Amino acid sequence: MAGNTFSKPFQTKRVVLNRDGSEPGSGITRSHVTAPILDTQPMNAVTRPEWTWTRGQIIVVSFLDGTPEQHDFVKQCFREYDVNLTFDFVDAGKREKSHVRITVSGGGGFRSLVGTQAIEIGKNDATMWLCLKHWREGPSLRGKILHEGLHMLGFEHEHSSPNCRIKWIPLEVYQYYKKMHGWNRKKTRRNVLGRLQAHQVDASKYDPDSIMHYEVDPTLTQDRFGVPENLELSEMDKKMLKWMYGSKL
Ligand SMILES: [Zn+2]
C-alpha cells in the first residue's frame, strides 16, 4: 500500500528460531522443520524462504512504546492471521526475550523488517515501525498493520514479484513518490520499481489483489493499469500463509 513501507535489502545468514521461540543454536533449520510436503503450493504471493519463521513456534513481540489501547489494536490485527504461530506480547521491560519489537510513536510511517531478519537486530532497536499517532483506528489503519505484519512473517511486496509485469513510467513514478512521500529516487527504486530475482523468493503468478501490493495510480503506468489500496488479505495471501505456517485449526 502507499506509505513508507519498505523492505530493507539486508544481506543476512540463514537463521531460524527453535519451535519454542528460543534463539537458534540447536541446529534446527527451515529445511528440517517447515518443508511443506503435504500442502499444495499456492499460485501467488511473494515470500522469502530463508527468512521464514518455524511452524508452531512462539514469536515474542515487545512494544517499545504506545498506549494499552494502541497495543490492543495491533494485537487484534495480528490475531487475524490464521497461522500455526503464537504471538506472545510482552512489555518493553522484557524486550531482551523478544524477537520482534514494535514502536508506535516514531515518525517515518509504516515499515517492517522481513521475517527472521528481526532476530539479528539489537534488543533495544525496533524491527517494526507503526506510526499510529497520526491515524484513527479503522479499516485503513488495520490494513496497514496487516501489511506490515505480513512483512514480519516473511512476505515481500507483491509488485516486487519477478512475475509482476507492470509497465511503469519511471519518471512519473519518481515524481509521484517524491511529491506524496518525499522519497528520493533510490528509495522509490527499492520500494516501487525494483523487482526481486526469481531465485530470491517463492513466487509464482502475480496477485494484484494482495495486501502486499502498493496502490498504483493509473497515471503511473503506460497502459493505465491501476491497483486500488488493498485493505484485506487476498485469498492468495491467506493460502500462502497457510502453506508456510499451517493453520491454527
Ligand atoms: Zn510494505
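The largest nonpolar core of this structure comprises 42 residues. Within that core, the residues with the most contacts are V100, I102, M128, L130 and L241. The model is a predicted one.

**The largest core**

- At least two residues of this core come from each of β2 (58-63), α2 (68-78), β4 (100-103), β6 (128-130), α3 (139-152) and α6 (235-245).
- Helix α3 provides the largest share, namely five residues.
- L130 is among the residues with the most contacts inside the core. When its neighbours within four places in sequence are left aside, L130 is in contact with V74, I102, V104, F110, I145 and E148.

**A separate core**

- Another core, made up of nine residues, lies apart from the largest one. Its members include I166, V192, V216 and L220.

**The sheet**

- An open sheet is formed by five strands, arranged in the order β3-β2-β4-β6-β5, with mixed pairing.
- Strands β3 (86-90) and β5 (110-112) are the edges of the sheet, and each of them pairs on one side only.
- On average, and with direction ignored, neighbouring strands of the sheet are turned by 25 degrees against each other.

**Strand β5 and its surroundings**

- Strands β5 and β6 run antiparallel and are joined by three bridges.
- M128 in β6 has S112 standing opposite; M128 is also one of the residues with the most contacts in the largest core.
- Helix α3 lies across β4, β5 and β6, and it runs at about 15 degrees to β5.

Conventions: Residues are numbered from 1 along each chain as its sequence is written. This is a predicted model: local features need pLDDT of at least 70, side-chain atom pairs count only at pLDDT 80 or more; totals for chains, interfaces and linings use all residues. A nonpolar core is a set of buried Ala, Val, Leu, Ile, Met, Phe, Trp, Tyr and Cys residues joined through C-beta atoms within 7 Å. A residue is buried if 20 or more other C-beta atoms lie within 10 Å of its own, exposed if 12 or fewer, and partly exposed in between; C-beta atoms are placed from the backbone. Helices (H or I, at least four residues) and strands (E, at least two) are DSSP runs, numbered from the N terminus. Two residues are in contact if their C-beta atoms, placed from the backbone, lie within 7 Å. Two strands pair if DSSP finds at least two bridges between them. Axes are lines fitted to C-alpha atoms, for helices over the stretch in contact, and angles run from 0 to 180 degrees between N-to-C directions.
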